[in-house]
Amino acid sequence: MCTTCGCGDSELVPVELHEKILAGNDRAARHNREHFLEAGVLALNLMGSPGAGKTAVLEATARAAAGKGWRLGAVSADLATDNDAVRLEKAGIPSKAITTGQACHLDAELVHRSLHGVAWQKTDVFFIENVGNLVCPAIYDLGQAANVVVLSVTEGEDKPLKYPTMFLAADLVLISKCDLIPHLDFDMASLEDALARVMPRPQVLKVSARTGEGMDAWVAWLAARRLEHGLVGKVAGLAAHVHPAAQPHGHGHGPGGHSHG
């Protein structure tokens, strides 16, 4: 029985195969991480439920960070549409849609393939907007520098206790749609207590994409992560390891992952 993601699937028994799949993903994630760090790009895995407000937070981020002079970019995952990527483009964030079909999460290879033809090296902050899901996305390393979970006040206070794996993996939780609190039967203290129970070092920001509440603090958090990872003022060192936009390069993609030619 699967106990990793909590689905309880009694048909999922081959633990050895599961480990091999994750090992392949981890190799691809390390490769992605090397690319991002070499290029001086802060890459973030943005996760949360469908409707939590992930895309709206990114739209508001574009407005709040306008004075920073940052170049933002994104890939946006959805099962069947490019709606979120289109919204981000309209907000001024160059974006590419990843349509996953029936897959409920991104993996590192999907992210790697999506970077082809995208000028992600020219960005300062690159968002990987994951599929709306509070379970599986937390299991897969994508090569990001940090995990950010968007949790809206309309989802209830007990989501961290119901989906602890997601919040255990989070470096930051953005509590979104806080402008709606006066209209809801919502207890912020209960939510913060639930987060403290499942996060080793809870970091929480309260935001509203609609009013702009908390967005300055969110941008400051991003700036601190760029400093933490040594990405401020770094010159991209991609001379021997480049993904030119819309050009073929020396990678091979086979069943075992990708390799450099």
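Author: What follows is a set of questions and answers about this chain.

Author: This is a predicted model, in which local features need pLDDT of at least 70, side-chain atom pairs count only at pLDDT 80 or more, and totals for chains, interfaces and linings use all residues. Residues are numbered from 1 along each chain as its sequence is written, and side-chain values use heavy atoms, with hydrogens and water left out.

Reader: Fine. How many helices and strands does the chain have?

Author: The chain has eight helices and nine strands. Helices (H or I, at least four residues) and strands (E, at least two) are DSSP runs, numbered from the N terminus.

Reader: And what share of the residues is buried?

Author: Of the 261 residues, 46% count as buried. Buried means under 20% relative accessible area, exposed over 50%, and partly exposed in between (1.4 Å probe, protein chains only).

Reader: What about contacts between residues at least 6 apart in sequence, how many of those join residues at least 24 apart?

Author: That comes to 73%. Contact means heavy atoms within 4.5 Å.

Reader: What else is around C104? I was looking at N133.

Author: N133 and C104 are 29 residues apart in sequence, but their C-alpha atoms are 6.8 Å apart in space. C104 is also one of the residues that N133 touches, along with G48, S49, P50 and M166, leaving out residues up to four places away in sequence.

Reader: Where does N133 sit?

Author: N133 is in the loop between β4 (125-129) and β5. N133 is buried, with a relative accessible area of 13%. Its side chain reaches the backbone nitrogen of V135 at 2.8 Å, a polar contact (a pair of N or O atoms within 3.5 Å; within protein, one must be able to donate a hydrogen and the other to accept it, and residues adjacent in sequence count only if both atoms are side-chain atoms).

Reader: You mentioned β4. How many of its residues are buried?

Author: Five of the five, so β4 is largely enclosed by the rest of the structure. V125, F127 and E129 point one way, F126 and I128 the other. In a regular strand the side chains alternate between the two faces of the sheet.

Reader: Which strands pair with β4?

Author: Strand β1 joins β4 through five bridges, running parallel, and L44 stands opposite F127. Strand β2 (residues 72-78) also runs parallel to β4, over five bridges, with E129 as the bridge partner of S76. Two strands pair if DSSP finds at least two bridges between them.

Reader: And β5, what does it pair with?

Author: β5 pairs with β1 (residues 42-48) in the parallel sense over five bridges, where A146 is the partner of L44. Five bridges also join β5 to β6 (residues 172-176), again parallel, and there L151 stands opposite I175. Seven of the seven residues of β5 (residues 146-152) are buried, so β5 is largely enclosed by the rest of the structure.

Reader: Switching to aromatics. How many pairs?

Author: Four aromatic pairs. The rings of W218 and W221 have centres 5.8 Å apart and planes at 20°, so that pair is stacked. Rings of Phe, Tyr and Trp (its six-membered ring) pair if their centres lie within 6.5 Å; planes under 30 degrees apart count as stacked, over 60 as edge-to-face and the rest as tilted.

Reader: Where are those two tryptophans, W218 and W221?

Author: Both lie in helix α8 (residues 215-228), three residues apart, about one turn of the helix.

Reader: What sits over the ring of W221?

Author: The charged end of R225, 4.8 Å from the ring centre. A charge sits over a ring if NZ of Lys or CZ of Arg is within 6 Å of the ring centre and within 35 degrees of the ring normal.

Reader: Which residues form a cluster through ring pairs?

Author: F36, W120 and F126.
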